[in-house]
Amino acid sequence: MRFSTVSIFALAVAATAAPAFAQGELNLYSSRHYDTDERLYSDFEDQTGITINRIEGNADELIARMEAEGANSPADVLLTVDTSRLQRAKDAGVLQAVESDVLEQRIPGQYQDADNQWFGFSLRGRIIFYAKDRVENPPQTYMELADPAYDDSICIRSSTNTYNQTLLASIIENEGEEAAREWANGIVENMARDPQGGDTDQLRGLVSGECDIAVSNTYYFARAMAEQVDGVSEKIDSIGWVFPNQDSNGAHVNLSGGGLAVNAPNRENAVKFLEYLASDSAQQYFAAGNNEYPAVEGVETTEAVDKLGEFKADDVDLSAVAEHLGQAQEIFNEAGWE
């Protein structure tokens, strides 16, 4: 039986039920919610003859479901966004190591789990945006965002947001715990409003004048350049951007990635799918479909992403960054970052 994109709850199965699987199937648990990924899946099916049975849902729900299903889980591959969620899946014991020369050679080492339990397939820069008409000297580094000169200026998401958690974890890895604490406290002092909404809402804050500086992933802004995004696109030319830390370690990137389920019933097909995600064609779909940066070097990006310009990405090992995620949340809590 083939599943289409459906609610995780509508497809709930008993953990004690041991389903039968056809030889040519792959059971994909995905928290990516982009319609443009359809081509990604259909091309794999056309190339291999393997049918993808797809279940979509919130990443935490999918991970919890895999835990509850245990040895009887039908999941072959978990696909999700951000290093924090990939690490959460690893910590929950729902992934297993993959030995693949293709993945080792294609995916840069800093975007792989140290134990080969997850791999990043696309990148999103988390950078600084600003109102051109109100900010003459925008911050050039993440640490400068905490400078009192930007008091009452910043729009940024909640501390529970995985992108912010991974950003702070990277600051811990690069700058140390004390600097990370100072940064979090400084950002709280410089907030123009309480954290609210998603990344697009931070960009809308620039347009509306609620704030002068915002932190967002690159693909949200690129999307607003490529298509109509209410509250952003109509004033897109009023927004400038900075890739931070270009004179030091480089701009922070987070991942969209995946791993092999620990009890995968179709293990061989699952590894084929993960290797396919590292192919040039699949990497192009990631780029074209959601204005992301391919993890594999040399793959073209979209026109909107090209407009952002080239930048130096932080080459810190994201597996090492993931070790600081719990500490990052503690620092957020202590700083009073809602």
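**Close-up views of a predicted model**

**View 1. Ala59, Asp60 and Ile63 of helix α2 meet Arg85, Arg88 and Ala89 of helix α3.** Contact here means heavy atoms within 4.5 Å. The residues of this contact divide into 3 nonpolar, no polar and 3 charged; Ala, Val, Leu, Ile, Met, Phe, Trp, Tyr, Cys and Pro count as nonpolar, Asp, Glu, Lys and Arg as charged, and the others, Gly among them, as polar. This is a predicted model, in which local features need pLDDT of at least 70 and side-chain atom pairs count only at pLDDT 80 or more, while totals for chains, interfaces and linings use all residues. Residues are numbered from 1 along each chain as its sequence is written, and side-chain values use heavy atoms, with hydrogens and water left out.

**View 2. Helix α2 (residues 59-69) packs against helix α3 (residues 83-91) at an angle of about 10°.** Their axes, lines fitted to C-alpha atoms over the stretch in contact, lie 10 Å apart. Angles run from 0 to 180 degrees between N-to-C directions, and α2 and α3 are therefore roughly parallel to each other (under 35 degrees). Helices (H or I, at least four residues) and strands (E, at least two) are DSSP runs, numbered from the N terminus.

**View 3. Cys155 and Cys211 form a disulfide.** The structure holds 1 disulfide, a pair of cysteine sulfur atoms within 2.5 Å; here the sulfur atoms are 2.2 Å apart. The link is left-handed, with -110° about the S-S bond. Cys155 sits in strand β6 (residues 154-155) and Cys211 in the loop between α7 (199-208) and β7 (213-217), so the pair ties together parts 56 residues apart in sequence.

**View 4. Cys155 is buried, at 0% relative accessibility.** Cys211 is buried too, with a relative accessible area of 1%. Buried means under 20% relative accessible area (1.4 Å probe, protein chains only).

Notes: Buried means under 20% relative accessible area, exposed over 50%, partly exposed in between (1.4 Å probe, protein chains only). Angles under 35 degrees count as roughly parallel, over 145 as roughly antiparallel, 65 to 115 as roughly perpendicular and the rest as oblique.
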